[in-house]
Amino acid sequence: MSDVVLEKFLTDVKATQSLWALQDKASEDWVVLDSINFENAEAMPVWSQQELAQSHCIDEWENYRPAQISLSEWLEFWVEDLNEDGVIVGVNWPQEGDCLEMELAEFTQAVAAVEKL
């Protein structure tokens, strides 16, 4: 299951060279939450399509909006900050059910492989 989720994510991201996360409309803070699969870890959910991210802007995330992050920005700026904070990545975070969470280094290697230089 996780391989299929990651493959779909990477196919979409390769085409657009960007991924999506949720950002608070007022504070511009990003959604980071307790990991589902790892104890004492925080996860940042990311999506390969704006529509997937938008579908989560309800309930406790109703004040958030999808924000696009280019692969080059992710690799240049985000990785270091998330690594310092010990954050892992939730890939195409689902509304319900199992979530694919990846260590930051493993996720970064995967997206770096589809970045067009």
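Me: How are H3 and H4 arranged in this predicted model, roughly parallel or roughly antiparallel to each other?

Reply: Helices H3 and H4 are roughly antiparallel to each other. The way to read this is from the angle between their directions: over 145 degrees counts as roughly antiparallel. Here helix H3 (residues 71-85) and helix H4 (residues 104-114) pack at about 170°, and their axes are 11 Å apart.

Me: Which residues of H3 and H4 make the contact?

Reply: On the H3 side look for Leu 71, Trp 74, Leu 75, Val 79, Leu 82 and Asn 83. H4 contributes Leu 104, Phe 107, Thr 108, Val 111, Ala 112 and Val 114. Sorted by class, this contact has ten nonpolar residues, two polar ones and no charged ones.

Me: Where do these helices sit in the whole chain? What is the order of the elements from the N terminus on?

Reply: Read the elements one after another: α-β-β-β-α-β-α-β-β-α. In total there are four helices and six strands.

Me: How many residues line the largest pocket, and which lie nearest its centre?

Reply: A pocket is read from its space and its lining. The largest pocket holds about 170 Å³ of space. Its lining has 13 residues, with His 56, Glu 60, Trp 61, Trp 93 and Gln 95 nearest the centre. By class, the lining of the largest pocket splits into seven nonpolar, three polar and three charged residues.

Technical notes
Residues numbered from 1 in each chain as written. Predicted model: local features only at pLDDT ≥ 70, side-chain atom pairs only at ≥ 80, totals over all residues. Heavy atoms only, no water. Axes fitted to C-alpha atoms, helices over the stretch in contact; angles between N-to-C directions. Helix = DSSP H or I, 4+ residues; strand = E, 2+ residues; numbered from the N terminus. Parallel < 35°, antiparallel > 145°, perpendicular 65-115°, else oblique. Contact = heavy atoms within 4.5 Å. Nonpolar A, V, L, I, M, F, W, Y, C, P; charged D, E, K, R; others polar. 1 Å grid on protein atoms, 1.4 Å probe; cavity = no way out; pocket = protein on both sides within 12 Å on 5 of 7 lines; lining within 4 Å. Points joined across faces, edges and corners; volume = space filled by probe spheres on them.
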